[in-house]
Number of protein chains: 2
Amino acid sequence: MPADPLSRVFSALADPTRRDMVARLAVGDATVNELAEPYEVTVQAVSKHLKVLEQAGLVSRRSEAQRRPVHLEAEVFTLMTKWIERYRRQAEERYRRLDEVLRTMPDDVPQPPPPPARTGAST
Amino acid sequence: MPADPLSRVFSALADPTRRDMVARLAVGDATVNELAEPYEVTVQAVSKHLKVLEQAGLVSRRSEAQRRPVHLEAEVFTLMTKWIERYRRQAEERYRRLDEVLRTMPDDVPQPPPPPARTGAST
DNA sequence: CGTCTATTCAACCTAAGGGTTGACAACGCC
DNA sequence: GGCGTTGTCAACCCTTAGGTTGAATAGACG
């Protein structure tokens, strides 16, 4: 258990199989076997994947006879989106501002360390 | 090199230290040493982290004398957001629809295996 | 040229991740 | 009650990830 929720979510989605399962589950709930069917891995492996997704809060599992239908939980996505959007906006904002600074800086003002005197008479 | 870009990005952000660096970089570019300063790990470890972030397309590094200022790239965030939003919306949509179905289902039509008749006049 | 600074490369260690097989629990069905 | 189905748990294997130390590269600078 890597402690923080965000790490768990990102980590869970870092695996293409798991992302694929999420995609599948977005369409509708499914049992473990149904989920396992498209892949070549054993059902045990799929079970493990689901555990990871569950611990990340991305899915929940109810119990229906001996079946365990898996359900996609939309809520956690919000957590991620918030994190991402925060920094994306900051980065873009910064970019925009820099862009503007460069634009409003006609042709004097050399910022790099003043190369050998250029200010009138010196030598 | 885990092949697909999305895996690389999610994987890169699965580490709290790296997320922290992203947060730091959202404020402004920084050199490796500057980035390493807050953490207890060696500068080599930080260098590795940056490599991961770079390969995920989250940062870029230019060369400035012997310094390598790191710059946050906002673009890749979009890729993630798109993926996330897609499934989040699907899941929520599905939820909404189910909710509606349940709502527009007054008091007849029992979907579970029909328990002893209830259609019409009860009592 | 020699040296200091900033950064990366290489070898190595340990722990975690994804996979497998085999055994076991829980439930529906004859 | 016994059996097939559905799913999990446990032990194990192999590869990757994050960390370390130590050496190497690349510029600035005296």
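**Chain contacts and the DNA-facing surface in a predicted model**

In this predicted model, chain A has an average pLDDT of 83, and 79% of its residues score at least 70. Over residues 108–123 of chain A, pLDDT stays under 50. For that stretch the model has one contact beyond four places in sequence. Where pLDDT is low, predicted coordinates should not be read in detail.

Within chain A, two helices pack against each other. Helix α2(A), residues 16–27, meets α4(A) at an angle of about 75°, and the axes lie 10 Å apart. Angles from 65 to 115 degrees count as roughly perpendicular, so α2(A) is roughly perpendicular to α4(A). From α2(A), the residues T17(A), R18(A) and M21(A) take part. Their partners in α4(A) are H49(A), V52(A) and L53(A). By class, this contact holds three nonpolar, two polar and one charged residues.

The two chains also touch. Chain A and chain B each give 27 residues to the contact. On the chain B side, α1 (5–13), α2 (16–27) and α5 (75–103) each supply two or more residues. Helix α5(B) provides the largest share, with eleven residues. The chain B side comprises 16 nonpolar, five polar and six charged residues.

DNA strand C is surrounded by 23 residues. The closest are T42(A) and A45(A) from chain A, with T31(B), N33(B) and S47(B) from chain B. Three helices each supply at least two residues of this surface: α4 (43–55) of chain A, and α3 (32–36) and α4 (43–55) of chain B. Eleven residues of the surface are polar, eight are nonpolar and four are charged.

Definitions and conventions
Residues are numbered from 1 along each chain as its sequence is written. Chains are lettered from A and ligands numbered from 1 in the order in which they are written. This is a predicted model: local features need pLDDT of at least 70, side-chain atom pairs count only at pLDDT 80 or more; totals for chains, interfaces and linings use all residues. A residue is near a molecule or strand if its C-beta atom, placed from the backbone, lies within 6 Å of it. Helices (H or I, at least four residues) and strands (E, at least two) are DSSP runs, numbered from the N terminus. Ala, Val, Leu, Ile, Met, Phe, Trp, Tyr, Cys and Pro count as nonpolar, Asp, Glu, Lys and Arg as charged, and the others, Gly among them, as polar. pLDDT is the predictor's confidence in each residue, from 0 to 100. Two residues are in contact if their C-beta atoms, placed from the backbone, lie within 7 Å. Axes are lines fitted to C-alpha atoms, for helices over the stretch in contact, and angles run from 0 to 180 degrees between N-to-C directions. Angles under 35 degrees count as roughly parallel, over 145 as roughly antiparallel, 65 to 115 as roughly perpendicular and the rest as oblique.
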